[in-house]
Structures are given as C-alpha cells and as structure tokens.
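This briefing goes through one protein chain, topic by topic. Please look over the sequence and the structure before reading on.

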Amino acid sequence: EDYCEPPTRRRTVGHSRVLAPNVRGETAARGILLRLTEKAAARLRHIGYWTGSISVHAQHMGTENWGLSQRISLCQDTPTLLNFANEMWQHKPPGRLLKVGVVLSDLVANQNATPSLWEMQRKLTNLSHVMDEINQHWGSHTLYLAPLHGTEAEAPTRIAFTNIPDLDLADA
C-alpha cells in the first residue's frame, strides 16, 4: 500500500554559529549575529516568504543561554530585520559567548502576504531585492549595509547537518 506524505510547510528560516575563540567577545559576536541575520533575510526573500517574528539567541561559555523573540509586522527587508536584531542584542547579559543565532518565524508565503502600507517600508523591501540581484550577478558582498562591514569573513557559508546550502543564492 502506498501512503502519501502530507505536504510540508516551511516554518522557520534561521542561522546560528559556534564562535571561534578569537571572536567570542561582545563586538565580534554582535557583528556575526548581524551577518547571520542578513543571510537569513536573503534566504527568506529567495524562497518567497515574509516573516512575522524574529528571535535572537546566544549561548554563553558554560551553560547559560539567552534568547529574546519579538513579533513584528510582516517584513522581508534586511535593514528592518537588522534593526530588530541589534535592538534585541542590547538586552543580552554580558559575558564571553560560545554561540549566536537568529530565527525568523511566523512565515507567510509571498502570495499570502500583504505588503506594508508605508512607503518607506516598501522602499526598503525593494532595496533588499535589488541588492540580492546585484550580489547574485556580481558575487556575494558586492553590496552590503554599513553595519555589516568587516563581518563577511567571520560568517562563511557552512554545510549544516540537515540542510545543504542553495547554490542559487549568492551566500546562503
């Protein structure tokens, strides 16, 4: 007897990184978190989704874990997601870090998403799509936002245990 698999539905897009010993300080770890947020936002747009929630998490040396989640208006642009990630990072307790990560959840497919009524938000979304196109054509990090300067070497693409990176995406 053949059983049909139920259709799957994407629930999250995220990235995390175990930090090398030389980048476990606050400033370097924050830069890596922002770079991971940029990568997650690019993947989100590439697969055709919008997010309604962002979560930032960090694991300190030892056993202390920290995380913060926030519901947001539907969004898929990098500048807005970077702002949320940076704001949440400010609430993180101090200490030497082992791991950082970001998760975008409450996903809505492009065809079901209602774009923002605010012109500035629409412009940021369009800007993110144009930057994706340029980076696809000319190579990853041809264009990037100023807060990400110097972080590209600290968050290279890795192959996860459960996911092979999409080669169509400049730097997933």
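Is T37 buried or exposed? At 1% relative accessibility, T37 is buried, where buried means under 20% relative accessible area, exposed means over 50%, and partly exposed lies in between, all with a 1.4 Å probe and protein chains only. This is a predicted model, in which local features need pLDDT of at least 70 and side-chain atom pairs count only at pLDDT 80 or more, while totals for chains, interfaces and linings use all residues. Residues are numbered from 1 along each chain as its sequence is written, and side-chain values use heavy atoms, with hydrogens and water left out.

**Overall layout**

- The chain has three helices and five strands; helices (H or I, at least four residues) and strands (E, at least two) are DSSP runs, numbered from the N terminus.
- Along the sequence, these elements follow the pattern β-α-β-β-α-β-β-α.
- The chain has 172 residues, and 41% of them count as buried.
- Among contacts in the chain with a separation of 6 or more, 77% are between residues 24 or more positions apart; contact means heavy atoms within 4.5 Å.

- T37 is found in helix α1, which covers residues 26-47.
- Apart from neighbours within four places in sequence, T37 is in contact with L81, L82, A85 and V102.
- R17 lies in strand β1, residues 12-18, and is buried, with a relative accessible area of 10%.
- R17 and L98 are 81 residues apart in sequence, yet their C-alpha atoms are 8.6 Å apart in space.

**Helices α2 and α3**

- The axes of helix α2 (residues 78-89) and α3 come within 7 Å and cross at roughly 105°; axes are lines fitted to C-alpha atoms, for helices over the stretch in contact, and angles run from 0 to 180 degrees between N-to-C directions.
- This angle makes α2 roughly perpendicular to α3; angles of 65 to 115 degrees count as roughly perpendicular, under 35 as roughly parallel, over 145 as roughly antiparallel and the rest as oblique.
- In this contact, T78, P79 and T80 of α2 meet Q121, L124 and S128 of α3.
- By class, the contact of α2 with α3 has two nonpolar, four polar and no charged residues; Ala, Val, Leu, Ile, Met, Phe, Trp, Tyr, Cys and Pro count as nonpolar, Asp, Glu, Lys and Arg as charged, and the others, Gly among them, as polar.

**S128**

- S128 lies in helix α3, residues 119-138, and counts as buried at 2% relative accessibility.
- The side chain of S128 reaches the backbone nitrogen of T78 at 3.0 Å.
- Leaving aside neighbours within four places in sequence, S128 is in contact with R45, D77, T78 and P79.

**D106**

- D106 is placed in the loop between β4 (97-105) and β5 (108-109).
- Phi of D106 is near 55°, a positive value in a residue other than glycine.
- Most residues other than glycine have a negative phi.
- At 37% relative accessibility, D106 counts as partly exposed.

**Cysteines**

- How many disulfides does the structure hold? The structure holds zero disulfides, a disulfide being a pair of cysteine sulfur atoms within 2.5 Å.
- C4 is exposed, with a relative accessible area of 76%, whereas C75 is buried at 3% relative accessibility.

Notes:
A polar contact is a pair of N or O atoms within 3.5 Å; within protein, one must be able to donate a hydrogen and the other to accept it, and residues adjacent in sequence count only if both atoms are side-chain atoms.
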